[in-house]
Amino acid sequence: MTFNFSFCRFAILFSAGLFCSSPYAASVTVQVVDGAGQPLADAVVYVLPESGPAFPKQQRPIEIEQKNRQFSPLVTVIQVGSAVLFPNNDTVKHHIYSYSPAKIFEQKLYSGVPAKPVIFDKPGVVVLGCNIHDQMFAYIFVVDTPYFAKTDATGRVNIDVPLSGKLHARAWHFSLPAGEFPDQPLIFKNAQAMVNFKLNIKAPAAKSNVKAPSMPADY
Ligand SMILES: [Cu+2]
């Protein structure tokens with residue numbers, strides 16, 4: 001009896017030790033679909049604390065290339081404060097810019113890899129364009145959390161998160177009406193949470209149907 005009790009206590013302590021030594025304690029599974037219930041690719045999902053201090057920053061090197069007169073990838077999600085490099089891997093020059101309030105910048109006519117990355121210091125949606133090629137556009141979604149993911153064709157993502165206080169998840173897609181960031185609280189059971197987002201999008205917008213941003217005359 002004593003042995004069993006001790007063993008049991010040991011097992012609990014051992015598991016607790018493993019649990020605590022992991023940087024992540026819980027996992028969130030998210031399914032994103034469009035208005036017709038079809039899996040939605042290129043949706044961004046991110047997890048935020050409901051109150052209290054923001055999550056710490058995790059810096060990761062980010063690149064958005066220009067290739068075949070397109071930006072790649074179309075959608076990039078980054079944490080506030082991240083540095084993004086925009087290498088031009090085409091033989092033609094590009095002049096890239098954003099006039100989105102979250103980040104106004106331009107990199108004038110250049111080829112190759114710019115010496116300096118661009119720092120994105122405010123959360124929000126940044127729409128990239130090219131002053132030479134109107135068909136070029138891309139989205140950078142800047143979030144104030146290191147816990148984010150982008151859906152693939154299955155519309156499904158897993159995000160590992162620390163289990164600290166109340167958390168909620170948000171979703172975003174470039175075809176959503178401006179300013180819409182659907183939000184849901186996360187309810188954990190055995191360190192697992194599942195959330196479904198049905199976004200207010202009639203059908204995933206074909207890339208060619210999305211209008212490229214144009215540079216305003218007073219920019
Ligand atoms: Cu261009």
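Biologist: Which residue stands opposite Tyr46 in β13?

Modeller: Tyr46 stands opposite Phe148 in β13. Please note that this is a predicted model, in which local features need pLDDT of at least 70 and side-chain atom pairs count only at pLDDT 80 or more, while totals for chains, interfaces and linings use all residues. Residues are numbered from 1 along each chain as its sequence is written.

Biologist: How are strands and their pairing defined in general?

Modeller: Helices (H or I, at least four residues) and strands (E, at least two) are DSSP runs, numbered from the N terminus. Two strands pair if DSSP finds at least two bridges between them. Here, β2 (residues 44–49) is joined to β13 (residues 148–150) by three bridges, and the two run antiparallel. Six bridges join β2 to β15 (residues 167–172), again in the antiparallel sense. Within β15, Trp172 is the bridge partner of Val44.

Biologist: In what order do the strands of this open sheet of four lie?

Modeller: The order is β13-β2-β15-β16, with antiparallel pairing. β13 and β16 (183–185) are the edge strands, each pairing on one side only. From one strand to the next, the twist averages 20°. For such angles, axes are lines fitted to C-alpha atoms, for helices over the stretch in contact, and the angles run from 0 to 180 degrees between N-to-C directions.

Biologist: How many residues of β2 are buried?

Modeller: A residue is buried if 20 or more other C-beta atoms lie within 10 Å of its own, exposed if 12 or fewer, and partly exposed in between, with C-beta atoms placed from the backbone. By this rule, five of the six residues of β2 are buried, and the strand is mostly covered.

Biologist: Is Thr151, in the loop between β13 and β14, buried or exposed?

Modeller: Thr151 is buried, because 23 other C-beta atoms lie within 10 Å. The loop that holds Thr151 runs between β13 and β14 (156–161).

Biologist: Which residues is Thr151 in contact with, leaving aside its neighbours within four places in sequence?

Modeller: Two residues are in contact if their C-beta atoms, placed from the backbone, lie within 7 Å. With those neighbours left aside, the contacts of Thr151 are Val32, Leu40, Ala41, Asp42, Ala43, Val45, Arg156 and Val157. The C-alpha atoms of Thr151 and Ala41 are separated by 5.1 Å, although the two residues are 110 residues apart along the chain.

Biologist: What is the order of the open sheet formed by five strands?

Modeller: That sheet has the order β6-β12-β11-β8-β9, and its pairing is mixed. β6 (75–79) and β9 (103–110) stand at the edges with a single partner strand each, so one side of each is left without a neighbour in the sheet. Neighbouring strands here are turned by 20° against each other on average, direction ignored.

Biologist: Why is β12 largely enclosed by the rest of the structure?

Modeller: Seven of the seven residues of β12 (residues 137–143) are buried, so the strand is largely enclosed. Both of its faces are covered: Phe137, Tyr139, Phe141 and Val143 are buried on one side, and Ala138, Ile140 and Val142 on the other. As for β11, five of its seven residues are buried, and the strand is mostly covered.
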